[in-house]
Amino acid sequence: MSPDDVTKPSGAPGKPRRGAGRRGKAARRRPALPDLHLSASKLRWGLLAVAAGAVVTALVTLFVTGFENESGLEAHSPAQPAHTVLDKEFGTAAAGDCLSWTKPDRSDLVKVACETRHMFEVAAEIDMSRYPGVEFGPGSRFPDSLRLTELKEEHCTPAVQRYMGGKFDPRGRYVVGLMYPSPEGWKNGDRTLRCGLQFSASTGTPLPIEGSATEQDQSKVFAAGTCLGINQNLPTDPVDCGQEHAVEIVSTVDLAARFPGGPPAKEEQDRYVEEQCAKAATDYLGSPTAIRDKTLTLFFDYLDARSWLAGSRKLDCMIGKGTDREGFAPIIGTAKGDILIDGQAPVPPPNSGRSTPTPLPGAAPLPPQPQPQPR
């Protein structure tokens with residue numbers, strides 16, 4: 001998502017908001033709460049930012065993409081100490097192979113069918129010893145994390161684009177990964193980099209996934225009922241809804257059902273997603289007034305042209321509670337039952353019986369409100 005495409009979540013409960021939409025002009029919110037600003041780089045991970053982390057395999061280290069900080073720079077955690085374990089599986093991995101492991105030290109790394117659960121899909125293997133100069137020659141110094149970041153950007157990003165036939169969604173579920181020799185493997189002359197794709201947690205930890213990335217809808221979506229944890233007021237990874245979380249997924253909208261052709265205009269996409277999310281939230285919660293009564297807000301995102309042309313077609317509908325600070329308030333419990341927001345039970349706003357006001361730009365009307373009965 002581009003930095004100027006930001007939408008402010010509304011503090012008014014019940015109104016669908018694009019959690020990280022692409023419009024630069026944000027809708028006003030009711031004066032009940034101060035304005036809430038969610039930066040595009042934070043809210044979208046997607047909504048979730050992809051943090052960096054370097055993890056170790058047998059004679060290799062797995063390097064994943066970094067996250068953008070407030071200065072627009074990439075930050076990476078230093079690699080863990082490498083474990084010296086000879087592994088012929090990694091040494092013979094080629095484009096199209098999928099790798100998996102279960103042990104923390106990755107000593108059981110094996111090639112598996114991509115249809116099964118795996119941790120990394122190889123897109124290309126690059127022998128850096130063939131490059132001229134002394135940087136990758138015999139006795140050369142092991143590259144530091146900054147140089148590995150540069151190598152990933154220089155070699156792996158275009159390699160993944162080629163592997164995906166030019167259809168890689170940079171905002172989707174996959175991130176560009178790099179597997180490179182450990183310091184000991186480097187010392188022994190191994191200069192082969194393996195570029196690929198992986199599905200990562202917000203901490204950068206690889207997560208298992210099934211199916212080849214070349215055959216998947218790359219949309220980063222979760223099943224209804226999934227709660228996404230919270231860290232520094234921002235959504236993270238799936239957690240039990242009984243734990244503190246930022247948002248709860250109520251549904252996934254497939255835009256292909258409504259837009260079979262090219263990328264739809266923002267306004268058309270917004271209208272359709274708002275309508276579908278509002279209906280889904282009512283079905284999920286069992287009441288058209290549940291979101292209002294629990295003082296929650298409905299959030300959704302936006303598929304830009306890059307994601308659309310890469311084949312992504314799905315978006316999640318999420319419910320959460322915006323705060324007067326950047327981000328979300330912690331919620332405990334599923335919205336289908338009793339919840340705590342910031343440790344307190346929500347107090348439903350008074351119902352005056354007046355008609356629903358005209359929605360602000362980008363927000364769908366509240367569901368019909370019950371009218372007071374004459375006594």
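So, secondary structure: the protein has 7 helices and 18 strands, where helices (H or I, at least four residues) and strands (E, at least two) are DSSP runs, numbered from the N terminus. Please keep in mind that this is a predicted model, in which local features need pLDDT of at least 70, side-chain atom pairs count only at pLDDT 80 or more, and totals for chains, interfaces and linings use all residues. Residues are numbered from 1 along each chain as its sequence is written, and side-chain values use heavy atoms, with hydrogens and water left out.

Now the overall picture. Of the 375 residues, 51% count as buried; buried means under 20% relative accessible area, exposed over 50%, and partly exposed in between, with a 1.4 Å probe and protein chains only. Taking contact as heavy atoms within 4.5 Å, 64% of the contacts between residues at least 6 apart in sequence join residues at least 24 apart.

Let's go to the disulfides, each being a pair of cysteine sulfur atoms within 2.5 Å. How many disulfides does a search of the whole structure find? It finds 4, and with bonded cysteines counted along the chain, they follow the pattern 1-2, 3-4, 5-6, 7-8. I'll walk you through some of them.

Cysteine 98 is bonded to cysteine 114, S to S 2.0 Å, and with 100° about the S-S bond this link is right-handed. Cysteine 98 lies in strand β6 and cysteine 114 in the loop between β7 and β8, so the pair ties together parts that are 16 residues apart in sequence. Both cysteine 98 and cysteine 114 are buried.

Next, cysteine 156 and cysteine 195 are joined with an S to S distance of 2.2 Å, and -70° about the S-S bond makes this link left-handed. Here the chain is bridged between helix α3, which holds cysteine 156, and strand β10, which holds cysteine 195, 39 residues apart.

Then we have cysteine 277 and cysteine 317, with sulfur atoms 2.0 Å apart. The torsion about their S-S bond is about -75°, so this disulfide is left-handed too. Cysteine 277 sits in helix α5 and cysteine 317 in strand β16, 40 residues apart. Cysteine 277 has a relative accessible area of 0%, and cysteine 317 also has 0%.

On to the aromatics. Rings of Phe, Tyr and Trp (its six-membered ring) pair if their centres lie within 6.5 Å; planes under 30 degrees apart count as stacked, over 60 as edge-to-face and the rest as tilted. That gives 5 aromatic pairs. One of them is phenylalanine 142 with tryptophan 186, edge-to-face at 5.7 Å centre to centre and 90° between the planes. Phenylalanine 142 is in the loop between β8 and α3, and tryptophan 186 is in helix α4, so the pair ties together parts that are 44 residues apart in sequence. Phe136, Phe142, Tyr180 and Trp186 form one aromatic cluster.

Finally, charges over rings, which need NZ of Lys or CZ of Arg within 6 Å of the ring centre and within 35 degrees of the ring normal. Arginine 313 lies over the face of tryptophan 308, 3.9 Å from the ring centre. Lysine 336 has its charged end over the ring of tyrosine 284, at 4.3 Å from the centre.
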